[in-house]
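Dear colleague,

Please find the structure below, together with the findings that I would ask you to read beside it.

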Number of protein chains: 2
Amino acid sequence: MKKRIEKLEILDREIKTMQGVSSLLDWDMQTRMPSRGGASRADQQAWMQSRIHEKICSKEMGAALAPFRKKGAVSRLSDRDRALVRDAEKHHVRARKIPAALIDEMARLDSIAFRKWTRAREKSDFKAFAPYLKKQVEVNRKVAKLIGYDKTPYDALIEDYEPGATSAWIEEVFSGLKEQLIPLVKKIKRAPDPPSTTMLTRRYDVDKQWQFTLQLLGGIGYDFDAGRQDKSVHPFTTCIGGASDIRITTRLNEKDLRPAVFGSLHEGGHALYEQGTGKSIDGTCLGGGSYCAAHESQSLTWEDIVGRSLPFWRHWFPKLKRLFPEALSGVKLHDFYRAVNKVTPSFIRVEADEVTYALHIVLRFEIERDLIEGNLSVAQIPKVWNAKMKEYLGITPPNDRLGVLQDVHWSAGYFGYFPTYALGKLYAAQFFHFARQSMPDMDARISRGDLAPLKDWLSRRIYRHGKIYRASELIRRVTGKPLDPGYFMRYLEEKFGKIYKL
Amino acid sequence: MKKRIEKLEILDREIKTMQGVSSLLDWDMQTRMPSRGGASRADQQAWMQSRIHEKICSKEMGAALAPFRKKGAVSRLSDRDRALVRDAEKHHVRARKIPAALIDEMARLDSIAFRKWTRAREKSDFKAFAPYLKKQVEVNRKVAKLIGYDKTPYDALIEDYEPGATSAWIEEVFSGLKEQLIPLVKKIKRAPDPPSTTMLTRRYDVDKQWQFTLQLLGGIGYDFDAGRQDKSVHPFTTCIGGASDIRITTRLNEKDLRPAVFGSLHEGGHALYEQGTGKSIDGTCLGGGSYCAAHESQSLTWEDIVGRSLPFWRHWFPKLKRLFPEALSGVKLHDFYRAVNKVTPSFIRVEADEVTYALHIVLRFEIERDLIEGNLSVAQIPKVWNAKMKEYLGITPPNDRLGVLQDVHWSAGYFGYFPTYALGKLYAAQFFHFARQSMPDMDARISRGDLAPLKDWLSRRIYRHGKIYRASELIRRVTGKPLDPGYFMRYLEEKFGKIYKL
């Protein structure tokens, strides 16, 4: 068996090498490429993607996988080797089900739908985007059919982002969330003395913001010898070379401190996960963190649970104040802490707070599932969107730009991705609950800027495993229980109960 | 025939696409990659290089080329199509002559010899490098034998860098140069009132130097929408995406203005050539400028002939002075002009002036030719090197660091590359002579900072043709004559005759 694993691993590592090249092409496009470089870059990326797809589909890969298809063949393998076989087999089988012509059609549709979406969003003109969204829905329904599914085509699509999760399970989890979050939002809305955020939107020199984000990243343990931060319009984390080259980006807004600070912490969290990949899987497709929800749980751990906590700012607020003595003159730690945690029902998902965020996701999940299941037409979306916004958050978008047109995902053909954002919140809260239990002095340490014990705990329990375990297995291994949204709700109630004196 | 060209061109464009990816991997390695990213980058680059080699050697390529091998098959093709066939055929045939195992051996040798050279240079320890240099000579002799040659194995190696040039022809050109340059250097050495360069090595803030190089690049017509400048230890120009993504790098030395200013002009010259590629060949392997000597002629046109001319500094010196009022306080234009043109026999090639530079190259050519022909052993090199330095420049390196160990080329297995540096000087002078003839007001324009007519002339006559014409054909087309070193000698005599009042 060892030789067979080695044979498979050579192919797996080759795919990871190719993916790193593809990531560099993309990173460069988003951070450095001169404006006229786009056409040749598209050719280069298309070429790389074809090679990756070819390799995944190859007969060579099929032959390397064949011995593991015999009954009981994987039972004696280590968790690592079994996961290697599991994921390689899954990708091989799925990729072979989709004909090259369809891959090509999808790539072209993604490109045109993205451009149409960009323009439609600018003009807040849903009708201009609708025909392309309709095609995306159709193509994705076709893909789901080719891949196959038990209950709903939506399940086949989720599988790409959150293997093992099903529409029914997400529905159940999200129903429970809705029931508890909607009243919590209302309660907070009624609370007297809401935080003021005026001090966050004063003039903050972008060079100093940049410096501060570098300090923060160093503070959480991001290794600059194995990565770098750059600027981009949309912040992202990318794995360019195993655990040793994990790059992040952030964005700077002179009139708002939050995008840079929380953006860097968010991407830094993703990056810590990938830099913490264990040696035995580094350079294989199992490296670089688990699937979407678990990955998101780690970005949210650092952005929200740590990065928006009072102990964290006890250490960092004095440093921030020294950098921006004018903007923060007279501002007290507690008021700053309350400001970065202000809860407001708002139109834009990426600007939402910890309490309302999941409701933005529930709305998107319900709509995209209905689209893929054929229970909702594209033309109906704006109406349904606005009705759900009213129901969940009590507000109605004045236009589609602030409503259905705000996110890039559907234009790029991502259906089944949105739920992982909210699931990430739930995983984060449950992991963190147990991290805190095992470190009684955690708050005191965080208040001193000592984040190493937390990072070490997460590295040992979560980061090093990469994709060996799926989120549902990982949470059981780490916390001894399946995912329980109660941890998230209790986290919110305790934190925001204090902030809003509920 | 048209269909056959199209078929070949698809493969050719695919190779160019792959080369762009490889260039990005290298550019990133030299400018952005975090320190720990090297191991995975080596895997990525090796993977890309193998794919490129595979494609060049492929049966597919052989089949696409086959119809053009029939007698008279290329006679009716346009110059462009004939060149496309010519180069594809050459690369295919050469690549197939070298077995994959040898390619692999060479890649490994390059990597180890480079490391050994780096350390040997630091310690000025030629003996530590000698065994690896010996292997490089042996491997390159083997390659030359596999490729085949008429007169000398060195010819087979030159062909990679300067197709059509031969050892005998270079020997003839360089003998003539030696005869004229050695006395000229001696004459200049004896001249009274040599320029003072003290104003060039005062403190020059690197950020301002950076700004100035960007202004210079804009001034010569470098298109920042189709490229960018970054910093690197060794400056270079790289084609990442056809004519629309040509990047350059420069280096900044706080205590010397010259590396940044002339480095940027040099790489900027290479980049103008590549950005000026004609539409009909952009994206093919014919794009991006001709072979080494012609390419170098264009970097030298902008660095030396334009960039070290009095009219050029009439426009730029006042700007430079405004940026560095302290360092240049009281410095007169004419003294600055003389300073950047100071002639001094010196040990390091890359720091050499326009007069002595070619002698550094003649020395290297003679040594590497003798090595490859088996007429000189590696152990003898330092002695021969130092003797030639004494003969050509009248100085003796105090150690091998300032002698035979200074250049990277041989460690990387480049034999046959050096001559193109000096040939570039000759081509540059001859091209420029004719450019000047066709523009009687050129100096007046350059004095006003108006470099567009010169760039346009070069673009029309040289840049747009890419690799369609080899240097020997190009010079005939543009100037009506074969290469004549007399143009270079007259350029030197006139310019330095005035500067040194000879």
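In chain A, strand 1 and strand 3 (residues 245–250) run parallel and are joined by three bridges. Strands here are DSSP runs of E with at least two residues, helices are DSSP runs of H or I with at least four residues, and both are numbered from the N terminus. Two strands count as paired if DSSP finds at least two bridges between them. Within strand 3 of chain A, T249(A) is the residue opposite D230(A).

Please note that this is a predicted model, in which local features need pLDDT of at least 70 and side-chain atom pairs count only at pLDDT 80 or more, while totals for chains, interfaces and linings use all residues. Residues are numbered from 1 along each chain as its sequence is written, chains are lettered from A and ligands numbered from 1 in the order in which they are written, and side-chain values use heavy atoms, with hydrogens and water left out.

The pLDDT is the predictor's confidence in each residue, from 0 to 100. Chain A has a mean pLDDT of 96, and 100% of its residues reach 70 or more. The scores of the model are ipTM 0.93 and pTM 0.94.

The sheet of chain A is open, with three strands in the order 1-3-2 and mixed pairing. Its edge strands, each pairing on one side only, are strand 1 (229–231) and strand 2 (237–241) of chain A. On average, neighbouring strands of this sheet are turned by 30° against each other, direction ignored. Helix 1 (residues 2–31) of chain A packs on the sheet and touches strand 1, strand 2 and strand 3 of chain A. The direction of helix 1 makes about 130° with that of strand 2 of chain A. Contact means heavy atoms within 4.5 Å; axes are lines fitted to C-alpha atoms, for helices over the stretch in contact, and angles run from 0 to 180 degrees between N-to-C directions.

Chain B also has an open sheet of three strands, in the order 1-3-2 with mixed pairing. There, strand 2 and strand 3 (residues 245–250) of chain B run antiparallel and are joined by four bridges. One bridge partner in strand 3 of chain B is I246(B), which faces C239(B).

How do the two chains relate?

Two residues of chain B deserve a look at their backbone. Most residues other than glycine have a negative phi. S124(B), which is not a glycine, has a positive phi of about 50°. S124(B) lies in the loop between helix 5 (100–123) and helix 6 (126–147) of chain B, and S124(B) is partly exposed, with a relative accessible area of 22%. K501(B), also a residue other than glycine, has a positive phi near 45°. K501(B) is found in the segment after helix 20 (486–499) of chain B and is exposed, with a relative accessible area of 65%. Buried means under 20% relative accessible area, exposed over 50% and partly exposed in between, with a 1.4 Å probe and protein chains only.

Yours sincerely
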